[in-house]
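Here is a short briefing on selected local features of one protein structure. Have the sequence and the model open while reading.

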Amino acid sequence: MDFEKVAKYSALHPKPAGLTLQYGTAGFRSKAEHLDHIMYRMGLLAVLRSKKTKSTIGVMVTASHNPEEDNGVKLVDPLGEMLISAWEEYATCLTNAEEQEIQNILTEICQKEAVNLHQDASIFIGRDTRPSSEKLSQSVIDGVSSLGGQYHDYGLVTTPQLHYMVCCQNTQEHYGKATVEGYYQKLSKAFGELTKQASSCGDDQRSLKIDCANGIGALKLKEMERYLPKKLLIHVYNDGIKEKLNHLCGADFVKVYQKPPLGLEIKPNERCCSFDGDADRIVYYYNDTAGHFHLLDGDKIATLISTFIKELLTKIGKTLEMAVVQTAYANGSSTRYLEETMKVPVHCTKTGVKHLHHKAQEFDIGVYFEANGHGTVLFSKAAEEKIRQLAKEEKDNQKREAAKMLENIIDLINQTVGDAISDMLVIEAILALKGLTVQQWDAIYEDLPNRQLKVKVADRRVIDTTAAETRAVTPPGLQEKIDELVKKYRLSRAFVRPSGTEDVVRVYAEADTQVSAETICPYSSCIV
């Protein structure tokens with residue numbers, strides 16, 4: 001290891017005095033001006049991770065749904081998944097180290113992980129459209145280069161595209177071609193095949209308005225449009241030409257404020273959706289004829305997809321274990337509908353897609369979506385092989401066609417991570433095949449009224465939780481007060497949990513009426 005070169009480059013990326021950050025579920029996030037040293041050091045860590053795994057590792061420069069002045073970075077593991085927990089700790093330690101400590105920490109990581117320093121290292125780098133991203137991306141490159149790693153800079157890509165390409169590279173392109181064009185080709189082909197049997201419908205049913213949060217999703221959707229069949233008419237809004245990234249728009253804004261984004265005018269019953277800034281989240285919505293806003297979030301998406309997959313599994317007559325994985329933020333109505341009506345098992349995990357992803361891997365088919373619209377579907381290797389074999393060899397026409405549909409679903413879904421573009425195409429295909437309007441989809445079950453807010457605190461660590469973050473363990477007495485409160489309202493529940501990235505406590509409440517939910521939520525925040 002050339003420590004002289006590492007030190008020389010490190011001096012060009014100094015750590016601000018007193019700054020301490022932690023690698024959370026979405027990597028590091030902060031004001032862009034605080035991140036130069038972190039980007040350099042994550043370039044270093046990515047090289048060590050690549051040498052350890054003998055695989056290509058991804059580094060994505062993005063702060064997703066955060067304001068434009070923020071930025072962040074996340075590392076992508078060999079199969080397109082998020083960085084494993086042990087290396088998250090290394091990332092935090094390396095980031096917060098003083099200049100003179102870097103050499104010792106790098107040496108310690110190499111010793112603990114038995115890293116072969118003579119092994120080649122390969123890094124894929126991507127960035128979002130923030131003004132700060134290009135410069136910060138160069139800082140990553142400096143880190144990679146100083147340890148002698150090879151890199152491929154993909155430039156502007158969505159976060160899911162980088163995850164996809166890392167997986168493609170490390171599976172010798174069994175998963176697909178490790179190019180943005182390969183991504184477009186694979187998804188558009190699967191979408192076209194899947195929707196072949198959809199009955200033709202008018203422009204109003206084929207038309208979809210997409211709010212791209214003034215982010216990278218707009219750029220990539222426009223590139224992809226020429227690959228897509230003409231049966232889907234997409235109209236892109238908030239494309240980043242005039243307004244700021246994530247400002248009063250995007251999936252997170254629509255979900256939290258329960259209203260349409262700025263810059264997108266909705267006519268009654270028009271089908272619309274919003275991506276977040278790096279295009280890994282999606283929510284749908286519409287206004288009814290009375291002007292009331294209806295949100296179809298991650299819960300509704302998980303229900304639509306899992307119902308469709310279960311119907312196909314029933315047709316092929318094969319017993320594959322399918323489950324839906326949710327977090328505490330999932331609406332209680334969705335859980336009841338899946339378990340009681342659809343007879344689909346539901347499991348609850350801690351917040352953060354890495355927790356849902358790991359749980360979903362336990363099943364033949366695992367469907368996971370956070371309520372914020374971040375999610376995907378995972379197919380086990382055995383399930384995928386069985387489905388592809390049936391699509392090819394099954395003699396019964398109906399069973400074979402159902403297997404082919406499942407095969408196209410497998411190819412259309414980005415299994416590495418939540419992907420707004422991929423999820424949007426899956427949803428549009430299912431709606432077309434089932435002949436469903438957005439209103440009919442919404443009517444499958446009715447959400448319980450809910451409210452969420454965040455409370456600024458001096459130290460979020462004073463609150464500790466258990467039972468997938470639905471019960472507070474500390475401080476003493478907090479959970480008892482919440483239990484006492486929710487007893488007063490029908491179908492009610494509430495929980496508080498510390499944020500994974502900032503000193504705030506998140507509060508959630510739901511009940512049989514909006515008034516009750518609104519009453520519980522602010523009161524719970526006062527308890528905190």
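Ala97 sits in the loop that joins helix 3 (85–96) to helix 4. The model is a predicted one.

- Ala97 is buried, because its relative accessibility is 3% and the cut-off for buried is under 20%.
- Beyond residues up to four places away in sequence, Ala97 touches Lys15, Arg41 and Ile105.
- Arg41 lies 56 residues from Ala97 in sequence, yet the two C-alpha atoms are 9.9 Å apart in space.

**Helix 2 against helix 4**
- Helix 2 spans residues 36–53 and helix 4 spans residues 102–112.
- The two helices pack at an angle of about 20°, and their axes are 11 Å apart.
- Angles under 35 degrees count as roughly parallel, so helix 2 and helix 4 are roughly parallel to each other.
- The crossing of helix 2 past helix 4 is right-handed.
- Helix 2 brings Arg41, Leu44, Leu45 and Leu48 to the contact, while helix 4 brings Ile102, Leu106, Ile109 and Cys110.
- By class, the contact residues are 7 nonpolar, no polar and 1 charged.

**Cysteines**
- How many disulfides does the count come to? The count comes to 0 disulfides.
- A disulfide needs two cysteine sulfur atoms within 2.5 Å.
- For Cys93, the closest cysteine sulfur is in Cys110, 13 Å away, which is too far for a bond.
- Cys93 counts as partly exposed, because its relative accessibility is 42%.
- For Cys167, the closest cysteine sulfur is in Cys168, at 6.0 Å, and this too is too far for a bond.
- Cys167 is buried, with a relative accessible area of 7%.

**The loop at Glu469**
- Where is Glu469 placed? Glu469 is in the loop between strand 16 (464–466) and strand 17 (471–474).
- Is Glu469 buried or exposed? Glu469 counts as buried, because its relative accessibility is 8%.
- Leaving aside neighbours within four places in sequence, Glu469 is in contact with Lys350, Thr351, Phe495, Val496 and Arg497.

Methods
Residues numbered from 1 in each chain as written. Predicted model: local features only at pLDDT ≥ 70, side-chain atom pairs only at ≥ 80, totals over all residues. Heavy atoms only, no water. Axes fitted to C-alpha atoms, helices over the stretch in contact; angles between N-to-C directions. Helix = DSSP H or I, 4+ residues; strand = E, 2+ residues; numbered from the N terminus. Parallel < 35°, antiparallel > 145°, perpendicular 65-115°, else oblique. Left-handed = near helix turned anticlockwise from the far one by under 90°. Contact = heavy atoms within 4.5 Å. Nonpolar A, V, L, I, M, F, W, Y, C, P; charged D, E, K, R; others polar. Buried < 20%, exposed > 50% of the residue type's maximum accessible area, 1.4 Å probe, protein only.
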